[in-house]
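Welcome, and thanks for taking a look at this one with me.

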Amino acid sequence: METLFFYIVALVVLGSGLIVILSKNPVNSALGLVNTFFCLAIFYVMLYAPFMAAVQILVYAGAIMVLILFVIMLLNLGTEARKRYMHGIVWSALASLLVLVNAVVFIKKGQVTGAMGDVTETTILKYGHTEMIGKTLFTEFLLPFEIASILLLVAIVGAIILAKKEV
Amino acid sequence: MISVYHYMTVAAILFAMGTYGVLTRKNAIVIFMCIELMLNSVNLTFIALSRHLNNMDGQIFVFFVMAVAAAEAAVGLALMISFYRNRESIDVEEIDLLKW
């Protein structure tokens, strides 16, 4: 049952990825991207990470996609011009295929190793995923967390200065 | 049974798709969306491996990737708006001020 569900969601996520990269109209690309984000949120739930799924939907499907759609509508972009260069597409397809083959060979041949932690499914179900994330974030990763807040502040100021009428 | 390798294969295919989109598209916003696609595939790999290794660190890293992606979205889209004001287009072939 879980296997079937996984394959269905994987099919949907890859199909929406194709819509993102192939559709002529940027609005269709944006809608395909929203679909991809929701499918990835389903994957996160299947991987016992419900907090990450919620953040995925709130931040990506909520905030970032609204921003992208606003800009698409603000700039009033039509469909892309038809001038396309075939050799560019062929070389790009070869490069991305190389990336894909490389990654799949590594995944097939390789063995996942690394330090095993102690966070099993039962621990997550007992203490709650959000609590565990919060505990790790505010003890072990406190400094990166603060740096991320500074990064967001700088991004806000930079975006306002860049988008202002008179610079 | 679904193993970590299934998730990683899906993420690899998504990443390759994003690479193809970044290399072939001419609209700057679509390229931006393809970059978001690649970031998301990396996030999926992080969470799958974090679950496989019973470790929480990968999910914290996903959190930071999301924060950086949000900052990147704000600054990148502001750049596109200011470029559109100057050139009336966001075709990447017309971004050639530094070309000689």
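Let's begin at A:Val66, which sits in helix H3 of chain A. This residue counts as exposed, because 12 C-beta neighbours fall inside 10 Å, and 12 or fewer is the cut-off for that class. Across from it in space is A:Ala30: the two C-alpha atoms are 9.5 Å apart, although 36 residues separate them in sequence. Please keep in mind that this is a predicted model.

**Confidence**

How far can the coordinates be trusted? The model scores ipTM 0.91 and pTM 0.90. Chain A has a mean pLDDT of 87, with 93% of its residues at 70 or more. Within chain A, confidence is highest in H2(A), at a mean of 94, and lowest in helix H5 (residues 121-127), at 81. For chain B the mean pLDDT is 90, and 100% of the residues reach 70 or more.

A:Asn28 belongs to helix H2 of chain A, which spans residues 26-46. With 14 C-beta neighbours inside 10 Å, this residue is classed as partly exposed. Beyond four places in sequence, the contacts of A:Asn28 are with A:Ile19 and A:Ser23. A:Ser16 is 12 residues away in sequence and 9.9 Å away in space, C-alpha to C-alpha.

Most residues other than glycine have a negative phi. A:Tyr48, in the loop between H2 and H3 of chain A, has a positive phi of about 60 degrees without being a glycine. B:Asn54, in the loop between H2 and H3 of chain B, is not a glycine either, and its phi is positive at about 55 degrees.

| Residue | C-beta neighbours within 10 Å | Class |
|---|---|---|
| A:Val66 | 12 | exposed |
| A:Asn28 | 14 | partly exposed |
| B:Asn54 | 15 | partly exposed |

**Helix packing**

Two packed helices are described by the angle between their axes and the distance between the axes. Take H2(A) and H3(A): their axes come within 8 Å and cross at roughly 175 degrees. The pair is therefore roughly antiparallel, since the cut-off for that label is over 145 degrees. Residues making this contact include A:Pro26, A:Ala30, A:Phe37 and A:Tyr44 from H2(A), and A:Pro50, A:Gln56, A:Ile68 and A:Ile72 from H3(A). By class, the contact of H2(A) with H3(A) has 21 nonpolar residues, one polar and no charged.

Across the two chains, H1(A) and H1(B) pack with axes 9 Å apart at an angle of about 10 degrees. H1(A) and H1(B) are therefore roughly parallel to each other. Among the residues that meet here are A:Phe6, A:Val13 and A:Gly17 in H1(A), with B:His6, B:Leu14 and B:Tyr20 in H1(B). This contact of H1(A) with H1(B) divides into 12 nonpolar residues, three polar and no charged.

**The interface**

How many residues does each chain bring to the contact between them? Chain A contributes 68 and chain B 61. On the chain A side, the elements giving two or more residues are H1, H2, H3, H4, H6 and H7. H4(A) supplies the largest share of that side, 12 residues. The chain A side comprises 53 nonpolar, 12 polar and three charged residues.

**The nonpolar core**

The largest nonpolar core has 58 residues, and A:Tyr44, B:Ile29, B:Met33 and B:Ile47 have the most contacts inside it. At least two residues each come from H1, H2, H3 and H7 of chain A and from H1, H2 and H3 of chain B. H2(B) gives the most, with 12 residues.

Which residues does B:Ile29 touch beyond four places in sequence? From chain A there are A:Pro26, A:Ile68, A:Val71 and A:Ile72, and from chain B there are B:Met80 and B:Ile90. A:Pro26, A:Ile68 and A:Ile72 also take part in the contact of H2(A) with H3(A).

Note on methods. Residues numbered from 1 in each chain as written. Chains lettered and ligands numbered in written order. Predicted model: local features only at pLDDT ≥ 70, side-chain atom pairs only at ≥ 80, totals over all residues. Helix = DSSP H or I, 4+ residues; strand = E, 2+ residues; numbered from the N terminus. Buried ≥ 20, exposed ≤ 12 C-beta atoms within 10 Å, placed from the backbone. Contact = placed C-beta atoms within 7 Å. pLDDT = per-residue confidence, 0-100. Nonpolar A, V, L, I, M, F, W, Y, C, P; charged D, E, K, R; others polar. Axes fitted to C-alpha atoms, helices over the stretch in contact; angles between N-to-C directions. Parallel < 35°, antiparallel > 145°, perpendicular 65-115°, else oblique. Core = buried A, V, L, I, M, F, W, Y, C linked by C-beta atoms within 7 Å.
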